[in-house]
Amino acid sequence: MTFAQQGSTDEPTFRSSSTSNRTYLETHPEISLRRSQSNRSKDHYHHEEQLVEPKSLPLIHRFVTNWLIMDPVLLQIYQRQLHGTKNYEIEKDPDAKFVFFFGGRLRSIKGKPVNVITGAMIVIPVIIYCIFEAKWQWHHLSPAVVVTFIYIWLLAFCHFWKAATSDAGVLPKNLHIPKSINKEQVENPPDEYFNAITLPSYGSTRDGVVVKYCSTCHIWRPPRTSHCGTCQVCVLNHDHHCVFLNNCVGERNYMYFLWFLLLACVGCIYLLIISIVQLCYYQIGNVADVTSISQSAKHFPLSLFLVVYSILALFYPLLLLAFHLFLTSQNITTREYLNNVYRRKHADFVNVFDTHSIWKNLYINWFGSSRAVSLTFPRNEYQPGDIRYEKIEPLQLFSIEY
């Protein structure tokens, strides 16, 4: 029988053999290839470190690359002194995903700038509205119409900004490792590192909460914590990784994500209504040379554009909002719903986090979720030798056959 562990999952797979009844260690060829590539990448990274001498950067360069925007992997090449270094500036894994902004206050992951495109799609309609439509509506409808739209837009954009650039609930690494570490690898990990453990839940003697050991981050995951394969970190109360935010949605930014969806839908509906009112204003007021809707569209072409834009922009966020209203009413995450309910992986799945009150569940997620402080303390001063920031390879794949 063989059971294997790879990547970020902790679920063993079993393989039987009829040729022998003994136990032996076996390495999967694909895993061996990945390991050899990883070792080559690591050796190349260390080789580059040895070749490149620490460089003294000008003040303006340090401001731009160390504070305004900073990739901690690149920083290790140019800056070796550890005195006064912050935790977010330390990264010994060449495959790390995060880039930090404004002295570690904001973050994003490396990759396609989908969050920048999303932000631009939010900004475009308000620019068009303020330049071409706001003045007319201010004088012909009411100043309150313009002020209300700008206020809704600002709230939506701020919640988008917080959801996209804040810490989603990243957990520190290397908290639960045995003493036997050799050349950045854990030797002879305990058997319990490859098993799921069920903890008793409050108010139930039958149902429990499953916790697992993360073989990549080397920690026991708290309940509802999952490893994100994109960010390469474990996230507390992980809901999903949002490609439009370039960030995970978890314990510390889920509330921002929910309110962004709600405010984006409200803003789209509001913009749609006031643009239609402007197009149809000729029926209730005086608009020169406008006696039909076609003439009004020619007279206010950008109002017609904003009508179409609002309808298109409303479709996806509205569907997502409806889905998350359903999830939050049951106090269940997207990951839990897809893995245990939608796909029927576990027919006996019981959501032990459900309070059995829709209003309590909604309150917990929309108002009562804890933001607290970042558990990695990125802006604290780095202490040399802090094992949380050391590079330790994922647990080795092993197999047992009998």
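Me: Where does UniProt place the transmembrane regions?

Reply: The model is predicted, so keep record and coordinates apart. The unreviewed UniProt entry puts the feature "transmembrane region" at residues 114-134, 140-161, 256-284 and 304-327.

Me: What is the chain doing over residues 256-284, helix or strand?

Reply: Residues 256-284 are 83% helix and 0% strand. The end C-alpha atoms of that span are 40 Å apart.

Me: And how far apart are the end C-alpha atoms of residues 304-327?

Reply: They lie 35 Å apart. Residues 304-327 are 100% helix and 0% strand.

Me: How is a pair of packed helices described?

Reply: Two values do it: the angle between the axes and the distance between them. Take helix α4 (residues 114-140) and helix α8 (residues 301-330). Their axes come within 10 Å and cross at roughly 155°. An angle over 145 degrees counts as roughly antiparallel, so α4 is roughly antiparallel to α8. The crossing of α4 and α8 is left-handed.

Me: Which residues make the contact of α4 with α8?

Reply: From α4 come Met-121, Ile-124, Pro-125, Ile-128, Tyr-129, Phe-132 and Glu-133. From α8 come Leu-302, Ser-303, Phe-305, Leu-306 and Tyr-309. By class, the residues of this contact are 10 nonpolar, one polar and one charged.

Me: How do the axes of α6 and α8 cross?

Reply: Read the angle and the distance again. Helix α6 (residues 254-279) and α8 have axes that come within 8 Å and cross at roughly 150°. That makes α6 roughly antiparallel to α8. The crossing of α6 and α8 is left-handed. The contact of α6 with α8 holds 22 nonpolar residues, six polar and no charged.

Me: What about α5 and α6?

Reply: The axes of helix α5 (residues 143-165) and α6 come within 8 Å. They cross at roughly 150°, so α5 and α6 are roughly antiparallel to each other. α5 passes α6 in a left-handed crossing.

Me: Which residues make that contact?

Reply: On the α5 side, they include Ala-144, Thr-148, Phe-149, Ile-152, His-159 and Lys-162. On the α6 side, Tyr-256, Trp-259, Phe-260, Leu-263, Gly-267 and Tyr-270 are among them. The residues of the contact of α5 with α6 divide into 18 nonpolar, three polar and one charged.

Me: Now the strands. How do strands of a sheet pair?

Reply: They pair through backbone hydrogen bonds, either parallel or antiparallel. In this model, three strands form an open sheet in the order β1-β2-β3. The pairing is antiparallel.

Me: Which strands are the edge strands?

Reply: β1 (69-70) and β3 (106-109). Each pairs on one side only.

Me: How many bridges join β2 and β3?

Reply: Four. Strand β2 (residues 98-101) and β3 pair in the antiparallel sense.

Notes. Residues are numbered from 1 along each chain as its sequence is written. This is a predicted model: local features need pLDDT of at least 70, side-chain atom pairs count only at pLDDT 80 or more; totals for chains, interfaces and linings use all residues. Side-chain values use heavy atoms; hydrogens and water are left out. UniProt positions are given in the numbering used here, feature names are shortened, and annotations may be inferred rather than shown by experiment. Helices (H or I, at least four residues) and strands (E, at least two) are DSSP runs, numbered from the N terminus. Axes are lines fitted to C-alpha atoms, for helices over the stretch in contact, and angles run from 0 to 180 degrees between N-to-C directions. Angles under 35 degrees count as roughly parallel, over 145 as roughly antiparallel, 65 to 115 as roughly perpendicular and the rest as oblique. A crossing is left-handed if the near helix is turned anticlockwise from the far one by less than a right angle, and right-handed if clockwise. Contact means heavy atoms within 4.5 Å. Ala, Val, Leu, Ile, Met, Phe, Trp, Tyr, Cys and Pro count as nonpolar, Asp, Glu, Lys and Arg as charged, and the others, Gly among them, as polar. Two strands pair if DSSP finds at least two bridges between them.
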